[in-house]
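Have the sequence and the 3D view open.

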There are 2 protein chains.
Amino acid sequence: MEMPKVDPFTLAKKDRLIARLSEVLPEDAIIHAVEETRAYECDALTAYKCPPLAAVLPRSTLEVSAVLKICHEMDIPVVPRGSGTSLAGGALPTADSVILGVARLTDVLEVDYDDRIIRLQTGRTNLSVTGAVEADGFFYAPDPSSQLACAIAGNIGMNSGGAHCLKYGVTTNNLLGVTLVQMDGTVVEIGGAHMDSAGMDLLGVVCGSEGQLGVVTEATLRILPKPEGARPVLMAFDDNETAGACVADIIKAGVLPVAIEFMDRPVIRATEAFAKAGYPDAEALLIVEVEGSEDEIDEQLEVIEKIARSHNPVELRRSTSEAESAAIWLGRKSAFGAMGQINDYMCLDGTIPVSELPVVLRGIGELSKKYGLDVGNVFHAGDGNMHPLILFDANKPGDLELCEEMGAEILKLCVEVGGCLTGEHGVGVEKRDLMHHQFNPGDMEAQLRIKDVFDPKWLLNPAKVFPLDVTAARRG
Amino acid sequence: MEMPKVDPFTLAKKDRLIARLSEVLPEDAIIHAVEETRAYECDALTAYKCPPLAAVLPRSTLEVSAVLKICHEMDIPVVPRGSGTSLAGGALPTADSVILGVARLTDVLEVDYDDRIIRLQTGRTNLSVTGAVEADGFFYAPDPSSQLACAIAGNIGMNSGGAHCLKYGVTTNNLLGVTLVQMDGTVVEIGGAHMDSAGMDLLGVVCGSEGQLGVVTEATLRILPKPEGARPVLMAFDDNETAGACVADIIKAGVLPVAIEFMDRPVIRATEAFAKAGYPDAEALLIVEVEGSEDEIDEQLEVIEKIARSHNPVELRRSTSEAESAAIWLGRKSAFGAMGQINDYMCLDGTIPVSELPVVLRGIGELSKKYGLDVGNVFHAGDGNMHPLILFDANKPGDLELCEEMGAEILKLCVEVGGCLTGEHGVGVEKRDLMHHQFNPGDMEAQLRIKDVFDPKWLLNPAKVFPLDVTAARRG
């Protein structure tokens, strides 16, 4: 790939920037050599790449504030970055921007088991939050597939979910407060450590705002006592729609599994070949997991299995051991990787009302025929968060474009049935132009005004979320 | 009480207003005769009274929009009103304002059991939401004590909770979307019917904003399947602090009761005399209720009773029948009324971290001695929402003032331990000057800016929430 051209004016500005950053950060926290900025040229959406002007790795809220203040004064755009696992280009730099990475902000600041909270710096990885409290019998609920690597900062930016979020909710339901550094360097506290914080509730606006409003350096999260036990049941069906109808019936019945995961034949086959999870060879597979004591588990699974039987499953198999349960989950968590071994794919992230699952699965099947591209479906069915994987051949000219076009049609279908473009991956760069399908000009304007309030100069995470024509008009 | 003086200029303006309102509303929806506006001179905080210029009772979102547009053009303040059950003066008129009552907006617009939602007009009472779905086995979870009368519009305005919100959350956790009419008449949709709505999440800002940002005319609420069964256990203790410590231990243990209610001796006695609930005569009483199947109930109650026994209760009694359970709850729900029969009281609404319950109960006891005023404590202990009732004699000169001073000290104590001024009653008129204790000027400014965005002319629900000195400076 060609280096993007950076004009001499920008280079002179870069020198001034590095000089000023050196006044507030130690030398090892500033990355500006061209070879080294390459490490930050993309996130997990590797189709888009652009090295930033520089990257900084501050170690405290005060350092973050100092960096933002300098960039604000110099009119330099800033791209906040967690661990860079975004599938939507949420941490993609522009050539004139500074990457602000939170990777060194990893401290646990407070654990309070009486109030069941943990306060920490947001560079900490998702899984290591649970790691900090599990010896005492607690855990942090949201569990994105990337939880080994992804940072809490990114989870907050994208309002991430995960397989077990049907019961426990997504990030916004487990986030109690944040320390937010605004673009001008101002540090504000939003929310707090307990049920109902004082004043107007801006926490919801910040959660899921994709780095458009500020940089979250610290967070207070809810932790929960680990359940006594958990057990999954596998259900296989003859077609996707029946599996979708079964999910809708389980939700309607009011039992609350911790997870309902959906996989269709292409995904089942690839996963079984890769992870040997013991999955049946069927058109559609559901993994339904419940938690509690042995009695509670049995009682819930009986209700769920009764519903499943009414949909004539080709297989219905309750896990009988810890090892079997672990194999079932290893399969599901390997599914994306397994698909990646045998195909190039594009992963979508539409969210729909649960009752529309059968309709949307049928629609995806029809689009698959129309475009001649196979689709693997693997997703959190319980809360309607779809992750269709469109399979294509990156070496075949035109295939990626066809795939992008088909992806857009699937997401439009999600919007049509009352859903939205993204559940947890974010709009990022990937879906910014589809925002016109979700929002009319008035609704878009409302969001732009919020951005105006938090970031009047429009320096934070540029060229993301909003369509470029809208942003261009806004910035004049 | 004297009629507030209304100057001739205002009266002329009133005539013009009524003429314009008559163009958009039927005659029976406009109340302007001075005798009739008296019906709207106060809410449940009856210490403050002031008849409005007029009151309107629109029947649709379009009518609400038309009224707001007229008032916006004429610079006439508007006070939105649900059922007028506010304990903090949240619906108190000013003499130059129009009361906009939602009492006639009572339609159910959509019930969807597959997605477990109900969409309705917000004048509908809280209890009648459950009424609309209970024949099909569903209910709406938040249950304020005033649920027979209070409107969903008010619940959204104050982010109301209730006894059973420990498990199910407060209004904000059960609200999925709203139709908001802005002061200039613009109608906007915020949120939606499913898990994750598109765009920035403004729902949290609107919920609990006390009518400062717009009028919510329609709402989409989450409904839940009714649990199989429920059973309370009574626990009595020798002192308040031990009961408080027991609550903190139950929360910490991770069992999730649907309710943990706290009553101290003055309240137990008054309630027992009034409702004959069979309460023991003790210093402090907890009602802990769990839900589920018979097995689940037994299992949870065993854990809870084990914790209780470790605090040496003077009585520990599990309900053994439906009738006994009903009597226990009738007592709790009558507690405020029972106290009102024998005392004048002021009801506070501070919210604190659960772990601080013993500290705050001790502090309230010390303030009670200092001021020579008795306090009855009856509150939702599980989520830290305190409702101390300060007893006073309305006929004794100076007693109310003493009571107000003591109330302010209790609320300051709540703020000091990390809590806030109000859990569900709102700041309203009652606590607006205490906001200086909760917020520094920078934090207050942030809230004022939000108000500026939604209501630039500052016409909505005037003289509430923000301290008058701050508002005066703002409006210039």
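Q: At what angle do helix α11 of chain A and helix α11 of chain B pack?
A: Axes are lines fitted to C-alpha atoms, for helices over the stretch in contact, and angles run from 0 to 180 degrees between N-to-C directions. Helices are DSSP runs (H or I, at least four residues), numbered from the N terminus. Here α11(A) and α11(B), each spanning residues 294–309, pack at about 160 degrees, with axes 10 Å apart. That makes α11(A) roughly antiparallel to α11(B) (angle over 145 degrees). This is a predicted model: local features need pLDDT of at least 70, side-chain atom pairs count only at pLDDT 80 or more, and totals for chains, interfaces and linings use all residues. Side-chain values use heavy atoms, without hydrogens and water; residues are numbered from 1 along each chain as its sequence is written, with chains lettered from A in the order written.

Q: Is the crossing of α11(A) and α11(B) left-handed or right-handed?
A: A crossing is left-handed if the near helix is turned anticlockwise from the far one by less than a right angle, and right-handed if clockwise. α11(A) passes α11(B) in a left-handed crossing.

Q: Which residues meet there?
A: Contact means heavy atoms within 4.5 Å. A:Asp295, A:Glu296 and A:Glu299 meet B:Asp295, B:Glu296 and B:Glu299. Asp, Glu, Lys and Arg count as charged; Ala, Val, Leu, Ile, Met, Phe, Trp, Tyr, Cys and Pro as nonpolar; the others, Gly among them, as polar.

Q: How much area is buried between chain A and chain B?
A: The size of an interface is often given as the accessible area lost when the parts come together. Buried area uses a 1.4 Å probe and is summed over both parts. Here about 4,000 Å² is buried, and carbon and sulfur atoms give 61% of that. Chain A supplies 47 residues to the contact, and chain B 47.

Q: How many salt bridges are there between chain A and chain B?
A: A salt bridge is a side-chain nitrogen of Lys or Arg within 4 Å of a carboxyl oxygen of Asp or Glu. The count between the chains is two. A:Asp114 and B:Lys252 meet in a salt bridge, at 3.4 Å from N to O.

Q: How do α9(B) and α13(B) pack within chain B?
A: Helix α9 (residues 240–253) and helix α13 (residues 357–371) of chain B pack at about 160 degrees, axes 8 Å apart. They are therefore roughly antiparallel. α9(B) passes α13(B) in a right-handed crossing. Their contact has five nonpolar, two polar and two charged residues.

Key
Helices (H or I, at least four residues) and strands (E, at least two) are DSSP runs, numbered from the N terminus. Angles under 35 degrees count as roughly parallel, over 145 as roughly antiparallel, 65 to 115 as roughly perpendicular and the rest as oblique. Buried area is the accessible area (1.4 Å probe) that two parts lose on being put together, summed over both.
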